[in-house]
Amino acid sequence: MNVAAILKMKGKGVFTASADTSLLEIAKLLDQHGIGCIVIEGEEGKVAGIVSERDLVRAIGQSGPKVLKDPVSGYMTKTVVTAREADTIDRLMSEMTTHRFRHMPVVERGRLIGLVSIGDVVKMRIAEAEMEAAAMREYIATG
């Protein structure tokens with residue numbers, strides 16, 4: 001299984017914002033859409049950064065609620081690890097575990113085309129395991 005299969009199942013929609021969006025607006029977007037991160041887009045659809053619930057909590061914890069008026073550019077992760085559609089689920093799990101993040105933008109030809117979460121990866125792994133178990137039961141029953 002690969003990233004393309006996940007995106008085919010869940011869709012390619014990604015919530016984005018610009019680097020000058022305030023942290024308060026980011027928090028409202030996260031809440032409004034029930035999501036865990038927002039991809040920050042730069043010029044021509046390029047990924048400029050990513051901001052998660054964890055980043056918001058860290059900013060408020062370090063500097064207090066006054067940071068909510070600040071632009072996200074000062075608090076977002078600027079070095080973003082991305083995936084390609086051909087990447088395997090194993091690669092995603094490895095990257096997410098190693099770098100301790102839960103969301104990975106999918107980029108093709110320098111443009112954002114989707115987002116994969118750890119939840120998406122787990123769902124796909126469970127589906128694979130269920131298919132393998134069903135195939136094994138079928139094999140045993142007919143053998």
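Reading pockets and helix packing

Modeller: By class, six nonpolar, five polar and five charged residues form the lining of the largest pocket. The model is predicted.

Colleague: Which elements each supply at least two residues of the lining of the largest pocket?

Modeller: Strand β3 (47–52) is one of them, and α3 is another; each supplies at least two residues of that lining.

Colleague: Which residues line the second largest pocket?

Modeller: The second largest pocket holds about 170 Å³ of space. Its lining consists of Lys 10, Gly 13, Val 14, Phe 15, Gly 34, Ile 35, Gly 36, Cys 37, His 103, Leu 115 and Ser 117. Sorted by class, this lining of the second largest pocket has five nonpolar, five polar and one charged residues.

Colleague: Let us turn to the helices. At what angle do helix α1 and helix α5 pack?

Modeller: In general, the packing of two helices is described by the angle between their axes together with the distance between those axes. Here, helix α1 (residues 3–10) packs against helix α5 (residues 118–142) at an angle of about 100 degrees, and their axes are 11 Å apart. Angles of 65 to 115 degrees count as roughly perpendicular, so α1 is roughly perpendicular to α5.

Colleague: Which residues make the contact of α1 with α5?

Modeller: From α1 come Ala 5, Ile 6, Met 9 and Lys 10, while α5 provides Asp 120, Val 121 and Met 124. By class, the contact of α1 with α5 has five nonpolar, no polar and two charged residues.

Colleague: At roughly what angle do the axes of α2 and α3 cross?

Modeller: The axes of helix α2 (residues 23–33) and helix α3 (residues 53–63) cross at roughly 140 degrees and come within 11 Å. The two helices, α2 and α3, are therefore oblique to each other. The crossing in which α2 passes α3 is left-handed. On the α2 side, the contact is made by Leu 23, Ile 26, Ala 27 and Leu 30, and on the α3 side by Glu 53, Leu 56 and Ala 59.

Colleague: How do the residues in the contact of α2 with α3 divide by class?

Modeller: That contact of α2 with α3 has six nonpolar, no polar and one charged residues.

How values were computed: Residues numbered from 1 in each chain as written. Predicted model: local features only at pLDDT ≥ 70, side-chain atom pairs only at ≥ 80, totals over all residues. Heavy atoms only, no water. Axes fitted to C-alpha atoms, helices over the stretch in contact; angles between N-to-C directions. Helix = DSSP H or I, 4+ residues; strand = E, 2+ residues; numbered from the N terminus. Parallel < 35°, antiparallel > 145°, perpendicular 65-115°, else oblique. Left-handed = near helix turned anticlockwise from the far one by under 90°. Contact = heavy atoms within 4.5 Å. Nonpolar A, V, L, I, M, F, W, Y, C, P; charged D, E, K, R; others polar. 1 Å grid on protein atoms, 1.4 Å probe; cavity = no way out; pocket = protein on both sides within 12 Å on 5 of 7 lines; lining within 4 Å. Points joined across faces, edges and corners; volume = space filled by probe spheres on them.
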